[in-house]
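Here is a friendly note to read alongside the model. Keep the 3D view open and find each residue as you go.

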Amino acid sequence: MTEQRENAPWASLAQGQSPRIYAPGQLIYLQGTEADTFYYLLSGSARSYISSETGDERVLTTHRSGDLMGEAAFFDGCPRVSSAVAVTECKVVSIDRERLDQVLRSHPELALPMLQYLARTVRLLSDHVDGMSFRPADQRVARYLLSIPPEASGALRCTHEEIGAAVGVSRVTVSRVLGEFTRKGWLKTGYRALYVTDDDALRAFAFRD
């Protein structure tokens, strides 16, 4: 099981709260339902995805310990635009408005990081809504990499399978694209991790017309 990150900025959200344990494959929240809470992932990994009316699914991202989930719909007051399911066993704390108010009164310095996190989530959703699937595979991979919040070390924790599922390409294509980015000096690889070494070049490529 993935361990909770000690430096996760949201640790205060979990103080005094009893986490719920989700088994692999268990639904955490469902697209289209009321978002009266959002979630803090204490440990494990979970996948968020969008379902179409025909039953097709598109993976948005894989959440890991220290991540927030379902916060966009919580803040805008509209039904959830995605679902989330546990990939491994997860410990999850749910946060309602009363709890959030308590935490922000005690830790007002969390307000700006939370807004930045929310903005990243909105950008990720926008990429899927505005036709990301019609962009070339290498641009879609680049955009996805830029959407992943790096660890303190700068590492991006994602597998080739997760990237492929998120952008709708095969693992072989992901490997080819990452190899190209590495040869260009935009990325380097480590043990189960990727590191962006030229953010400006990767970003310019990802968002070019």
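**Notes on the fold and its charged pairs**

1. Let's start with strand 5, residues 57-64. Six of its eight residues are buried, so strand 5 is largely enclosed by the rest of the structure. Please bear in mind throughout that this is a predicted model.

2. Which strand pairs with strand 5 over seven bridges? The partner is strand 4, residues 45-51, and the two pair in the antiparallel sense. To see one of these contacts, find Tyr 49 and look across to Val 59, its bridge partner in strand 5. Strand 4 and strand 5 form a hairpin with five residues between the strands, and in this hairpin Gly 55 takes a positive phi near 95 degrees. As background, strands of a sheet pair through backbone hydrogen bonds, either parallel or antiparallel.

3. Four strands form an open sheet, in the order 1-8-3-6, with antiparallel pairing. The edges are strand 1 (20-22) and strand 6, each of which pairs on one side only.

4. Strand 3 deserves a look of its own.

5. In strand 8, its bridge partner is Ser 94, and in strand 6, Tyr 39 stands opposite Met 69. Move along to Tyr 40, and you will find it opposite Val 93 in strand 8.

6. Now for the surface. Glu 34, Asp 36, Asp 96, Glu 98 and Asp 101 form a negative patch there. One of these residues, Asp 36, lies in the loop between strand 2 (27-29) and strand 3. Asp 36 counts as partly exposed because its relative accessibility is 46%, which falls between the 20% and 50% cut-offs.

7. Is helix 5, residues 137-147, mostly covered or mostly open? Helix 5 is mostly covered, with 10 of its 11 residues buried. Among the buried residues of helix 5 are Arg 140 and Arg 143, along with Val 141, Tyr 144, Leu 145 and Leu 146.

8. On to the charged pairs. Side chains of opposite charge can pair when their charged atoms come close. The model has five salt bridges by the rule used here, and three of them are picked out below. In one, the side chains of Glu 151 and Arg 157 meet at 3.3 Å, N to O. Glu 151 is partly exposed, with a relative accessible area of 24%, and Arg 157 is partly exposed too, at 30%.

9. Another salt bridge brings together the side chains of Glu 161 and Arg 171, at 2.9 Å, N to O. Glu 161 lies in helix 6 (residues 160-167) and Arg 171 in helix 7 (residues 171-183), so this pair ties together parts that are 10 residues apart in sequence. Glu 161 counts as partly exposed at 47% relative accessibility, and Arg 171 is partly exposed with a relative accessible area of 46%.

10. How far apart are the closest N and O atoms of Arg 203 and Asp 199? They are 3.3 Å apart, and the two residues form a salt bridge. Arg 203 and Asp 199 are four residues apart in helix 8 (residues 199-206), so about one helical turn separates them. An α-helix has 3.6 residues a turn, so residues three or four places apart point the same way. Arg 203 counts as partly exposed at 36% relative accessibility, and Asp 199 likewise at 35%.

11. Finally, find Lys 188 in strand 10 (residues 187-190). Lys 188 is partly exposed, with a relative accessible area of 47%. Then locate Ser 12: its C-alpha atom is separated from that of Lys 188 by 33 Å, and the two residues are 176 residues apart along the chain.

Methods
Residues are numbered from 1 along each chain as its sequence is written. This is a predicted model: local features need pLDDT of at least 70, side-chain atom pairs count only at pLDDT 80 or more; totals for chains, interfaces and linings use all residues. Side-chain values use heavy atoms; hydrogens and water are left out. Two strands pair if DSSP finds at least two bridges between them. Patches are made of residues with over 30% relative accessible area and no salt bridge: like charges are joined within 9 Å, nonpolar side chains (Val, Leu, Ile, Met, Phe, Trp, Tyr) within 5 Å. Accessible areas come from the Shrake-Rupley method with a 1.4 Å probe; for residues, only the protein chains shown count as cover. A salt bridge is a side-chain nitrogen of Lys or Arg within 4 Å of a carboxyl oxygen of Asp or Glu. Lys and Arg count as positive and Asp and Glu as negative; His and the chain ends are not counted. The place of a charge is taken as NZ of Lys, CZ of Arg, CG of Asp or CD of Glu. Buried means under 20% relative accessible area, exposed over 50%, partly exposed in between (1.4 Å probe, protein chains only).
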